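I opened the file and went through it one item at a time. These are my notes, in the order I looked things up.

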Amino acid sequence: MSRLASELQRLQRSPWEVLWSALVSCGLVLFSQLAVAIVPRLLPSISLLAMLPVAGLVFLATIVVGRFWRRFIGVAASAPLFVLFNVLFLWGVYVFVIRRDTSSLLDMLINAECALLLWGLYRILSGDPGIVAYETSFLEEAGCKDFVDAICSSEKHPSLSRVRHCNCCKVNVRGYDHHCPAFGNCVGQKNHRLFMALLTGFVVAESTYTMCSTKYISRCINSGTIRTENPLSLNMVIGTMLFSVLQVLWQVCC
């Protein structure tokens, strides 16, 4: 059974609750992306660099509003689904708006990057981070009352030296680094390399998307078609570009 299925079973969530969670996550992505896309619409005279902090504040405001709204309706969103829908949204904007101004090589590159991100998200969400399950007989033999006691006396038991308990997943993970809410899993011995590769993949994909969207915006300005271009499409491209830059800055700095 995959980690996602076991987690849903642990939480005893019905299919309807899972569906509502997915719908709420999708709605939050649409709400936040449309809110950021309003920034160039309301502030067309300022530069893209000046729009960046404004877009960051708008995005944070939408997250706060979304959190209050989720509590009001009593439905929990899913952070991994929020990440997934953001990837799909940016990919959709690229395919339906930006793609026509992109070279064939760059087109293949960004499509491959998005596909690999989806595959990586599935692998890290469904994979085993290094979960360790110790039976009662092992603890009795080690002279420990429970697993926490075993960890405290890990110097006597080398096999427990790098095992830590995750309070979010309620599991014991070998080589535990931290719990990543965005990817919906712990980061441990078995998936640490995948985690680092996925982070790098996000930075590369978002940088590539920023480059493609910048070329699209420059083409609209230089060719004089910016006034004839669909305002919604243009604002959406600018908004998603600002979002991508913010994500790259956050991932690199943090």
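I worked from a predicted model. I began with the strands and found an open sheet of 3 of them, ordered β1-β3-β2 and paired antiparallel.

**Pairings.** I checked the bridges next. β1 and β3 (residues 171-174) run antiparallel and are joined by 2 bridges. β2 and β3 also run antiparallel, and 4 bridges join them. I then looked up Asn 172 of β3. Asn 172 is the bridge partner of Val 132. Asn 172 is also the bridge partner of His 165.

**Hairpin.** I stepped through the hairpin of β2 and β3, which has 4 residues between the strands. There I flagged Lys 170, with a positive phi near 60°.

**Overall make-up.** I listed the elements and got 9 helices and 5 strands. From the N terminus on, I read the order as α-α-α-α-α-β-α-α-β-β-β-β-α-α. I looked at contacts with a separation of 6 or more: 65% of them are between residues 24 or more positions apart.

**Helix α5.** I tested the length of α5 (residues 104-126). How far apart are its end C-alpha atoms? I found 33 Å, which agrees with the 33 Å that its 23 residues should span at 1.5 Å a residue.

**Cysteines.** I searched for disulfides and the count was 0. Cys 168 is in none; its nearest cysteine sulfur, that of Cys 166, is 4.6 Å away. Is Cys 168 buried or partly exposed? I have it as partly exposed, at a relative accessible area of 48%. I then checked Cys 186. Its sulfur is 3.3 Å from the closest cysteine sulfur, in Cys 166. That is too far for a bond, because a disulfide needs the sulfur atoms within 2.5 Å. Cys 186 counts as buried, at 0% relative accessibility.

**Cores.** In soluble globular proteins, nonpolar side chains tend to be buried together. The largest nonpolar core has 34 residues. Which of its residues touch the most other members? I noted Val 93, Ile 98, Tyr 209, Tyr 216, Val 237 and Leu 242. Two or more residues of this core come from each of α2 (15-42), α3 (48-73), α4, α5, α8 and α9 (231-253). The largest share is from α4, with 8 residues. Apart from this core I found another, of 12 residues, including Val 87, Leu 121, Cys 180 and Ala 205.

**Surface.** Buried residues are 41% of the 254 in the protein. The accessible surface is about 14700 Å². Carbon and sulfur atoms account for 66% of that surface.

Methods:
Residues numbered from 1 in each chain as written. Predicted model: local features only at pLDDT ≥ 70, side-chain atom pairs only at ≥ 80, totals over all residues. Heavy atoms only, no water. Pairing = 2+ DSSP bridges. Expected span 1.5 Å × (residues − 1). Buried < 20%, exposed > 50% of the residue type's maximum accessible area, 1.4 Å probe, protein only. Core = buried A, V, L, I, M, F, W, Y, C linked by side-chain atoms within 4.5 Å. Contact = heavy atoms within 4.5 Å. Areas by Shrake-Rupley, 256 points an atom, 1.4 Å probe, with all protein chains shown as cover.
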